[in-house]
Each structure stands twice: as C-alpha cells, then as structure tokens.
Amino acid sequence: MDIFNVLTMIGGLCLFLFGMNLMGQALERRAGGKLQSLLDKMTGSVPAGFLTGLGITAIIQSSSATTVMVVGFVNSGLMTLRQAINVIMGANVGTTVTAWLLSLAGISGSNIWVNLLKPSSFTPVLALIGIIFYMFCKSGKKKDTGMILLGFATLMFGMETMSGAVSGLKDVPAFASLFLMFKNPILGVLVGALLTGIIQSSSASVGILQALAVTGQVSYAAAIPIIMGQNIGTCVTALISSVGTQKNAKRAAVVHLMFNVIGVVVLLTAFWIVKIVFAPAILDENATMSGIAIAHSLFNILCTAMLLPAGGLLEKLAIRIVPDKGGKEQPVELEERLLITPSVALGRCRAVAGEMARCAGEALHMALTTFENYSPELAESIRENESRCDRYEDELGTYLVRLSAQQLSDAESEEATELLKIIGDFERISDHAVNLLAASEELRSKGLGFSATAEKELKVLIGAVSEILNTAERAFSEKDLAAAAQVEPLKQVIVALKEQMRTRHILRMQQGHCSIEAGFVWSDLLTDLERTADHCSNIAGCVLDAANHGLNLHETLRAMRADDPDFRRAYGTYAEKYRLQAV
C-alpha cells in the first residue's frame with residue numbers, strides 16, 4: 001500500500017460520494033410527483049407512516065434527508081410528532097436499500113450470467129445509456145433518467161476503485177491489527193458513529209465498510225458494532241437541522257436519536273452476550289459485501305420491530321426531554337429545511353399560495369359588502385387580510401427565488417415561475433379591496449351617495465367582479481382549466497360594463513342627478529373593479545400557460561379572444577347575464 005493507492009482510494013471515495021449525491025438528487029426530481037403523493041397519504045396510522053418513511057428514503061436514498069424533511073414538516077405544523085416517529089422508523093429501514101445495491105460489487109463467479117450481474121459488466125452500459133439520455137434528449141424527465149444512470153455508474157465505479165485501492169491492505173499487519181481492535185464492540189460503535197457523523201450519511205459509511213471488506217481483514221465481530229454505530233452517527237444531520245426550530249421539531253430529532261441509541265444499547269447487549277456465551281464461529285469469519293448488507297438490514301428491522309409498537313412511549317420521553325415552556329408556538333409556514341427536497345417545498349409553496357388566494361378573495365368580497373353593510377370590525381378585517389397578503393407575497397417570493405436556485409425538474413421550474421407571477425396578482429387584489437373600502441368610507445364620511453340608477457348599475461358590476469374572482473380562485477386552487485377559460489370572456493364583459501357605466505355617470509352628472517364629488521369616487525370605484533378583473537385574468541392565464549408548458553401570458557389571452565369559438569359563446573352568455581337596464 002503506497003501513496004498512489006491512498007490517492008486512488010481518496011479519488012474512489014470522492015466519486016462514490018458524488019455518485020450517491022447525484023443519483024439521489026436525480027431520483028428525487030424524477031419521482032417528484034410520487035414523493036408528493038406519498039406525503040399526501042401520511043396519516044396517524046402507524047403502518048401508513050412507516051411505509052411512507054420507507055418509500056421516501058428508498059426514493060431519495062438518504063435517511064438523513066428524510067429525517068431533516070420530517071423535522072421541517074413538524075416545524076411547519078404539517079405533521080404531528082406521533083406521525084413523525086412512524087416516518088423516522090420507516091426511513092431507518094428504507095436506508096438499507098443502498099447497501100444491497102452496493103453489495104452487487106461483491107459478486108464473483110465464472111458463469112456468464114453471474115458475471116453480467118457484476119457492476120463492472122453492466123455499469124458501462126448504464127453509463128452509455130445515461131450519457132445518451134442526458135446529452136441528446138430534450139425532455140427533462142429523460143435527462144433526469146440519464147442522470148440517475150450516470151450517478152449510479154459513478155457510484156459503482158467509485159466503489160470498485162476504492163475496493164481495488166484498499167485490496168493491498170490485506171497484507172498489511174497494522175491494518176489487520178486495527179480491525180482486531182474494533183472487535184471491542186464499544187470501540188466499534190464509537191468509530192462507526194464518528195465516521196457517519198463526519199460524512200453525514202449512513203448509506204455512504206456502510207458503503208465504505210463494504211469496500212474495506214474486500215481486504216478480507218474485516219470480521220463480522222468488528223463489522224456489526226461499526227454498523228450499529230453508523231446508525232447513531234446518522235442522527236447528527238437531524239440534530240443539527242433541529243437547531244432553532246420549535247419544540248416538536250426538536251422532539252422529532254431527539255426521537256430519531258433515541259430510536260437508534262436504544263436500539264444499539266439493546267442489540268449490542270444481546271450481541272455481546274451471544275459473543276461471550278455462544279462464541280459463534282461466524283463472528284470470526286471475514287465479512288462480505290452482501291453479509292454487511294444483511295447485517296445492516298437486520299439491525300434496522302429488529303430495531304423497528306422492537307420500538308415501532310412503543311412509539312407512544314418514545315413520544316412521551318421526547319416531551320420529557322424537551323419540555324413545554326412559554327406560550328403556544330406558531331407553525332412555520334415556509335420551512336427552510338424543506339428546500340433540500342424541492343418537490344415537497346414546491347407543494348408547500350402552492351398550499352401557502354392557496355391560503356393567500358383565499359385571504360385576498362375574502363378581503364375583496366368583504367370590501368364589496370361595505371357599500372351596504374359597513375362596520376368598523378369589517379373594515380379592520382379587510383385591512384388585516386391585506387397585511388397578511390403583503391406578508392405572504394414577501395415570504396413566498398423570497399422562498400420561491402431560493403427554491404429556484406435548487407436543481408428543479410422542468411415541471412417544477414414551470415410551477416415555481418407560475419407561482420412567482422400569480423402571487424403578485426393576489427397581492428394587488430387585496431390592495432384593491434382596501435381601495436374599495438376607502439371609497440366606501442369616503443362616501444360615508446362626506447355624506448355622499450349615488451343615484452338609485454347608479455346603485456343598480458354598481459350591483460351589476462359587483463356581481464360580475466364577484467363571479468370572476470371566485471372563478472379565478474377556483475381555477476388556481478383546483479388547477480381547473482375549464483374555470484380558467486371562463487375568466488377572460490367575463491373580464492372583457494367587465495371592461496365593456498365599466499366604460500358603459502362611466503359614460504352613463506357623466507350624463508347623470510351633466511343632468512344634475514349626481515354630484516361631481518361623488519363622480520370622482522365613482523370613477524375610482526370603476527377603476528379598482530376593472531383592475532381586479534385584470535388580475536383575475538392574469539391568474540387564469542397563468543394557469544392555462546402552465547398547463548400548456550408556456551409562459552407567454554399575453555399571447556395566450558390574445559389567441560383566446562381571436563380564435564376561440566368557446567370564448568365568443570361565453571362572452572355572449574356573460575354579456576346577457578350582466579346587461580345594464582336601458583336608460
């Protein structure tokens with residue numbers, strides 16, 4: 001073992017870690033929809049939570065990432081501590097998938113079919129397919145598929161490079177002595193925990209152990225305690241992530257640590273007793289890659305079988321360790337820890353944008369009622385909703401910009417762009433609600449009023465604006481393309497109504513039926529109602545653009561007005577529905 005072997009081993013380790021990271025990110029982008037679907041199915045049910053954690057970890061190939069995501073969900077109030085416990089236990093079993101993939105590198109034999117299963121035989125083919133997909137396909141999904149294959153090939157190449165570089169260690173007495181020392185279970189646990197804590201991935205540290213196993217110097221007596229320690233070391237990521245979070249999020253990280261520590265204490269005690277009392281010969285045998293994968297899986301499955309029924313006790317213990325202090329905490333709506341899983345973070349952005357849509361819509365509907373049923377409490381509610389919409393726009397805009405800096409799939413990038421455009425329209429709708437409230441208050445404070453005819457006309461326009469707002473909100477929240485297509489024709493009817501009503505009011509002022517001062521308020525009212533319809537049109541247009549994978553809003557709306565017979569039909573229906581009475 002010389003300096004060149006050391007450099008080769010370091011290079012192999014770097015490729016191994018890079019390939020694992022590359023494959024995990026690409027798997028997450030490729031399975032973004034499935035990941036969101038798995039999360040949507042999370043309930044208080046123990047099996048559902050367990051399977052969710054297992055499935056997510058199998059997809060993104062990292063129990064640490066899953067646990068950090070769970071901490072983020074608990075911190076944002078989307079998951080209870082009890083649900084989090086079930087998911088964390090599932091994640092511990094899901095992380096064993098990687099070790100089984102890596103164990104393929106240990107396959108040996110002269111049979112051609114056996115050799116085809118060796119990574120050195122099939123990874124070049126996967127790499128070739130991957131680079132073709134990545135370089136020559138335009139589809140984002142195919143590019144991600146190519147990246148998954150390239151990541152897996154890089155991971156396996158790094159694994160084989162490490163294995164080849166350390167194979168010479170079998171003849172180094174000091175290396176053999178080192179692993180004889182690790183037969184002390186306590187020392188083995190500490191080494192496994194330290195290594196995993198440094199690289200923050202139990203899958204990667206198990207892979208390194210599997211690579212060292214090719215030297216023939218790693219016995220099962222040394223490997224098993226190291227594997228146990230690796231499960232404790234993987235808790236470091238979640239513990240670091242829980243710093244600065246709310247109590248329940250800290251408790252979720254503590255549960256993750258307790259689960260692994262309790263599991264190690266119980267199973268290490270059993271291992272020690274078996275080793276001393278029965279001294280099975282297998283413990284002195286050289287560990288293989290597949291044997292390490294089996295030991296890793298058995299440890300996590302036994303821990304889960306032992307502690308999954310005791311989830312309630314773990315929850316109570318976590319509450320004792322992190323007690324309640326102070327007042328009630330407000331959940332974090334946009335959790336930074338979810339940025340490591342963009343598909344989940346994007347789903348959260350859409351949920352918060354839906355809250356913003358309801359807030360803006362509620363403000364405008366309340367403002368429209370103030371002309372007949374004004375109260376100070378109603379006015380205060382409208383202003384509070386407008387302030388909330390301002391806060392939503394700031395927080396969502398900042399979060400989406402940060403999210404856009406992550407590696408997103410084409411579909412995720414389009415959705416992030418759609419949300420960035422739409423939140424500005426919802427915020428402006430809430431501004432117009434305050435403007436309408438101000439107009440109502442001005443009329444009341446100055447003792448002004450409109451003529452009976454003007455009030456009837458205003459009710460017609462208010463009815464049209466209420467309908468377009470409801471339709472646009474439904475189009476966005478439910479991704480309802482049929483509703484989105486109804487918005488633009490109604491908006492054109494509102495524009496025509498506004499011009500007609502402005503002209504009629506000028507005639508009433510000329511005839512002395514309405515004061516000039518009330519006329520100014522009337523003009524502002526019409527402008528705010530028309531601009532509200534404009535923003536509804538923008539929202540619906542973005543929904544249609546997103547469905548067609550385009551971003552040219554004005555072109556979409558222009559095409560609808562020019563060529564769509566459904567548009568003309570809907571326009572005629574709305575024009576009849578909101579027709580002003582003849583003068």
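Helix α24, residues 553-563, has the lowest mean pLDDT among the elements of the protein chain, at 61. At the other end stands helix α19, residues 376-404, with the highest value, 93. The model is a predicted one, and the pLDDT averages 85 over the protein chain. A score of at least 70 is reached by 90% of the residues.

Three aromatic pairs turn up in a search of the whole structure. One of them joins phenylalanine 426 and phenylalanine 476: the ring centres are 5.5 Å apart and the planes meet at 65°, so the pair counts as edge-to-face. The cut-off behind that label is an angle over 60 degrees. In the chain the two partners are 50 residues apart, and the pair thus links distant parts, with phenylalanine 426 in helix α20 (residues 410-446) and phenylalanine 476 in helix α21 (residues 452-478).

Another edge-to-face pair is made by phenylalanine 450 and tryptophan 522, with 5.0 Å from centre to centre and 75° between the planes. This pair, too, connects distant parts of the chain, its members being 72 residues apart. Phenylalanine 450 sits in the loop between α20 and α21, while tryptophan 522 belongs to helix α23, residues 516-547. Burial applies to both phenylalanine 450 and tryptophan 522.

Tryptophan 522 has a further contact, this time with a charged side chain. Arginine 508 lies over the face of tryptophan 522, 5.8 Å from the ring centre. Tryptophan 522 therefore takes part in an edge-to-face pair with phenylalanine 450 and has arginine 508 over its face, within the 6 Å cut-off for a charge over a ring. A contact of this kind also involves arginine 391, which is placed over the face of tyrosine 392 at 5.1 Å from the ring centre.

The most is given by α1, which contributes seven residues.

Key:
Residues numbered from 1 in each chain as written. Predicted model: local features only at pLDDT ≥ 70, side-chain atom pairs only at ≥ 80, totals over all residues. Heavy atoms only, no water. Helix = DSSP H or I, 4+ residues; strand = E, 2+ residues; numbered from the N terminus. pLDDT = per-residue confidence, 0-100. Phe/Tyr/Trp six-rings, centres within 6.5 Å; stacked < 30°, edge-to-face > 60°. Buried < 20%, exposed > 50% of the residue type's maximum accessible area, 1.4 Å probe, protein only. Lys NZ or Arg CZ within 6 Å of the ring centre and 35° of its normal.
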